[in-house]
Amino acid sequence: MGTIERIFHSVLFELLAVILSITGLAILTDHELSSLSGAMIIIATIAMIWNFGFNWFFDRIVKGEKEKRTMSLRLVHVSLFEAGLLVLTIPVMAYILDMSLWNAFVMDLGLTFFITIYAFIFNLSYDHVRVFMVRRLDLSTKAA
């Protein structure tokens, strides 16, 4: 995956994650929608930077075709990603939403649980759709 596609992947992932997270937190908490939106946008920005760097590094270590990665490797990937992101975002969430680190940890843990499942489904889907699109583009290029 090249740099442009890596950026596309990260932005698409975060855009959908922000929409789903704000919606869920607005339903499940008493925080103002504007505060939640601000917090999630800042956290998404942190996550995009982390996503780019982490996945770049992970892809350098784990070679091979992504669509052929095992489920256990995908679980390791998403667990390491989310653990690192959790460390980065708890203080930010606590500050923006004016809550204790403990409350931010609990809220962020809930988000992490949701995002972990979302990330697993998103990346599995993305990898398979990408292969389909690349093959389709390759076939149309050869036909021309």
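The model is predicted, and local features need pLDDT of at least 70, side-chain atom pairs count only at pLDDT 80 or more, and totals for chains, interfaces and linings use all residues. Residues are numbered from 1 along each chain as its sequence is written, and side-chain values use heavy atoms, with hydrogens and water left out.

The chain contains four helices and zero strands, where helices (H or I, at least four residues) and strands (E, at least two) are DSSP runs numbered from the N terminus. Along the sequence the pattern is α-α-α-α. Taken along the principal axes, the C-alpha atoms fill a box of roughly 60 × 30 × 20 Å. Of the 144 residues in the chain, 36% are buried; buried means under 20% relative accessible area, exposed over 50%, and partly exposed in between, with a 1.4 Å probe and protein chains only. Among contacts (heavy atoms within 4.5 Å) with a separation of 6 or more, 68% join residues 24 or more positions apart.

The axes of H1 and H2 come within 9 Å and cross at roughly 145°. Axes here are lines fitted to C-alpha atoms, for helices over the stretch in contact, and angles run from 0 to 180 degrees between N-to-C directions. H1 passes H2 in a right-handed crossing; a crossing is right-handed if the near helix is turned clockwise from the far one by less than a right angle, and left-handed if anticlockwise. The contact of H1 with H2 has 15 nonpolar, seven polar and three charged residues. In this classification Ala, Val, Leu, Ile, Met, Phe, Trp, Tyr, Cys and Pro are nonpolar, Asp, Glu, Lys and Arg are charged, and the others, Gly among them, are polar.

Helix H2 (residues 33-61) also packs with helix H3 (residues 71-96), at an angle of about 145° and with axes 9 Å apart. The crossing of H2 and H3 is right-handed. Residues of H2 in this contact include Ile 43, Ala 47 and Trp 50, and those of H3 include His 77, Leu 85 and Met 93. By class, 17 residues of the contact are nonpolar, six are polar and none is charged.

Three cavities of 30 Å³ or more are found in the whole structure. A cavity is a set of points on a 1 Å grid over the protein atoms alone where a 1.4 Å probe fits but cannot get out, and lining residues have an atom within 4 Å of a point. Grid points are joined across faces, edges and corners, and a volume is the space filled by probe spheres set on the points.

The largest cavity holds about 200 Å³ of space. It is lined by 18 residues, of which Glu 14, Ile 43, Ala 47, Leu 85 and Ile 115 are the closest to its centre. Helix H1 (3-28), H2, H3 and H4 are the elements that give two or more residues to this lining. The lining comprises twelve nonpolar, three polar and three charged residues.

The second largest cavity has a volume of about 170 Å³. Of its 14 lining residues, Arg 69, Arg 74, His 77, Asn 123 and Asp 127 are the closest to the centre. H4 gives the most to this lining, with four residues. The lining divides into four nonpolar, four polar and six charged residues.

Asn 103 is found in helix H4 (residues 101-143). Asn 103 counts as partly exposed because its relative accessibility is 41%.

Notes: On a 1 Å grid over the protein atoms alone, a cavity is a set of points where a 1.4 Å probe fits but cannot get out, and a pocket is an open set with protein on both sides within 12 Å along at least five of seven lines; lining residues have an atom within 4 Å of a point.
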